[in-house]
Amino acid sequence: QNVLQMNAINSNYADPNNLKFEEIKILGALQEVTTVTVTQNNVVQNFPVRITYNPIEKVAHITGLQLQLGKSYTVQWTQQPSFDGRFNCYPSPDPTREKCERLGCIWDEVTSDLNIPPCYFGSDNAYSAEKIEYTSSGLAANLTLNSAKTRANENYTTPISTLRLEVKYHLNDMLQFKIYDYQNARYEVPVPLNLPSSPMSTDSERLYEVSIQKKPFGIQVRRKSTGTVIWDSQLPTFTFSDMFIQISTRLPSQYIYGFGETEHTMFRRNMSWHTWGMFTRDQAPAYLLNSYGYQPFYMALEEDGNAHGVLLLNSNAMDVTFQPTPALTYRTIGGILDFYMVLGPTPERVVQEYTELIGRPVMPPYWSLGFQLCRYGYRNDSEIAQLVDDMKAARIPHDVQYADIDYMERQLDFTIGARFAGLPALVNRIKAEGMRFIIILDPTISANETNYPPFSRGVQDDVFIKWPDTNDIIYSKVWPFLPNVEVDESLPEQTQIQLYGAHSAFPDFFRNSTAAWWKKEILEFYNNPTNASRSVKFDGLWIDMNEPAAFMNGAIGGCRNELLNMPPYIPHLGLRSEGLIVKTPCMEGQQYLPDGTPVRHYDVHSLYGWSQTKPTLE
């Protein structure tokens, strides 16, 4: 009610020293106090009141009061309206009252700030924790859906009725909690982590403690030494369905690092990080350049300077939205929730613990730390040779030279164009002078060539992504254009692609057969067993376009599974209205893990670059 009623129990008392109450502190004030009114017997007292507010500690300090002993007063204050605690209940475009209330959520538009979600969650979520089992190395519980609180979701977003929660105390400074559908097998990220074969923590040495809120379900992780809550998902936003998973957590401070190398010192409403790249385990060394990496990891600084890190092991399309509470919300469209937390407590220790978990970075070769020069658009090998000579004459440090796709015959991997016929000799000359040379490779392979061994051998070895339940390769358009055509470059780019783009196939780098084929093609280009003078003795490979990228949406002839390509929830990816296939292949593409397990491109799209990196490095 924002009211403090002070009643004197002995109103005839007159203090001989004229003592007065001059200040009041309001603890737990979630919003800033803006005005204070003091009345006595319904008469407003004209005190010189001053107000200060600490948003971190949530404390309002009122000074300048003159409340005499022996008299009764009423102190009232108003707080600035705050919408920081609203968690968006309808994150898709075009929310309406009808759509919102159909989900059982609250509708209240704030027209003065369109970034404030008009549709937000109420006070609790629909899951309860039951049958909690505690052990010395963790805990487990069933999460059961309260059908009375089940929201009217669309198909594939209806919450799953029973889930399993597992918490494992792997190390004294690292724990895992995992939420999944134990009754139905679901896709899980096939990237191994460096976990102990059995938990190696003790209660006395553990840096953290975990508590479970039973109803509604929530999980808290607290740092033992300070009592700081570093993870607090006791919030109403938790939901888990076939194609939409969401969980939110309050954060111990507003200082967080990560999510796209961005530092957020003050959380703004709906400031999001969206992922549709790749998850990496071992960082690529400098002689294997691959910038398309995706790691759903953040490091947070607590108010006392301690630090911790959180990894979500999930490779499906997702977005992570920050808000000023401070809090963040994960939304992903598949897989499971598999969180790993490292406790630091210093930022340096957080990084060490995290890289111990996912794999240490590879030590880069010394030469890769030198000065490197690269650009798209070299016209021929003579231009590169002249550039190297000019750099030397100008005494500009120059350790590494690159060649982009210009060196290829019509952008075909493992070929040398006529204008770059002298490239092998140029590479040898540059290396003899103490420099290094890096060439580019793209993942897609053209199918419209009369004699192109990389494609014919790839078909023979069954390396390309196919339509499900068929033997038909999925073709899109990337590099190159068709052979023996004259391109009208006056036409718009998309028109050129439509008219002249060749059929391009995407290798499935998860397969053992693809890894062997890719390695063989790289070695043959390096050694050229039929013509040694055409061998290109590169020092490093630059693998590009492996988001994977296409120059059209989906596939030639269109995609076939509308649900996978336009799921019920579309993360904030570029063009949400066009689904998940913007300049990338169809989501129903069939891929296979090394052990033969079938997986959908929908689930492993973000791992495409990672799957190519491994055989390229090997």
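The model is predicted, and local features are given at a pLDDT of at least 70, side-chain atom pairs at 80 or more, while totals for chains, interfaces and linings use all residues. Residues are numbered from 1 along each chain as its sequence is written, and side-chain values rest on heavy atoms, without hydrogens and water.

**Domains and pocket**

The domain assignment gives domain 1 (3-80), domain 2 (123-358) and domain 3 (369-617); such bounds come from an automatic or database assignment. Between the C-alpha centres of domain 2 and domain 3 there are 35 Å.

The largest pocket holds about 1,000 Å³ of space. On a 1 Å grid over the protein atoms alone, a pocket is an open set of points where a 1.4 Å probe fits, with protein on both sides within 12 Å along at least five of seven lines; lining residues have an atom within 4 Å of a point. Grid points are joined across faces, edges and corners, and the volume is the space filled by probe spheres set on the points. The lining comprises 36 residues, of which Leu 30, Lys 58, Asp 84, Pro 324 and Thr 325 are the closest to the pocket centre. By class, the lining residues divide into 18 nonpolar, ten polar and eight charged. Here Ala, Val, Leu, Ile, Met, Phe, Trp, Tyr, Cys and Pro count as nonpolar, Asp, Glu, Lys and Arg as charged, and the others, Gly among them, as polar. Domain 1 and domain 2 each contribute at least three residues to this lining.

**Helix packing**

Helices (H or I, at least four residues) and strands (E, at least two) are DSSP runs, numbered from the N terminus. Axes are lines fitted to C-alpha atoms, for helices over the stretch in contact, and angles run from 0 to 180 degrees between N-to-C directions.

| Helix pair | Axis distance | Angle |
|---|---|---|
| α3 (381-393) and α4 (423-432) | within 10 Å | roughly 15 degrees |
| α7 (512-527) and α10 (608-617) | within 9 Å | roughly 50 degrees |
| α5 (453-460) and α7 | 11 Å | about 155 degrees |

Angles under 35 degrees count as roughly parallel, over 145 as roughly antiparallel, 65 to 115 as roughly perpendicular and the rest as oblique. Helices α3 and α4 are therefore roughly parallel, α7 is oblique to α10, and α5 and α7 are roughly antiparallel.

A crossing is left-handed if the near helix is turned anticlockwise from the far one by less than a right angle, and right-handed if clockwise. The crossing of α3 and α4 is left-handed, that of α7 and α10 is right-handed, and that of α5 and α7 is right-handed.

**Backbone sites**

Most residues other than glycine have a negative phi, and most peptide bonds are trans. Lys 215 and Pro 216 are joined by a cis peptide bond with omega about -10 degrees; Pro 216 sits in the loop between β14 (208-213) and β15 (218-223). A cis peptide bond also links Trp 479 to Pro 480, with omega about -10 degrees, and Pro 480 belongs to the loop between β32 (475-476) and α6 (493-500). Gln 411, although not a glycine, has a positive phi of about 60 degrees; its place is the loop between β29 (400-403) and α4.
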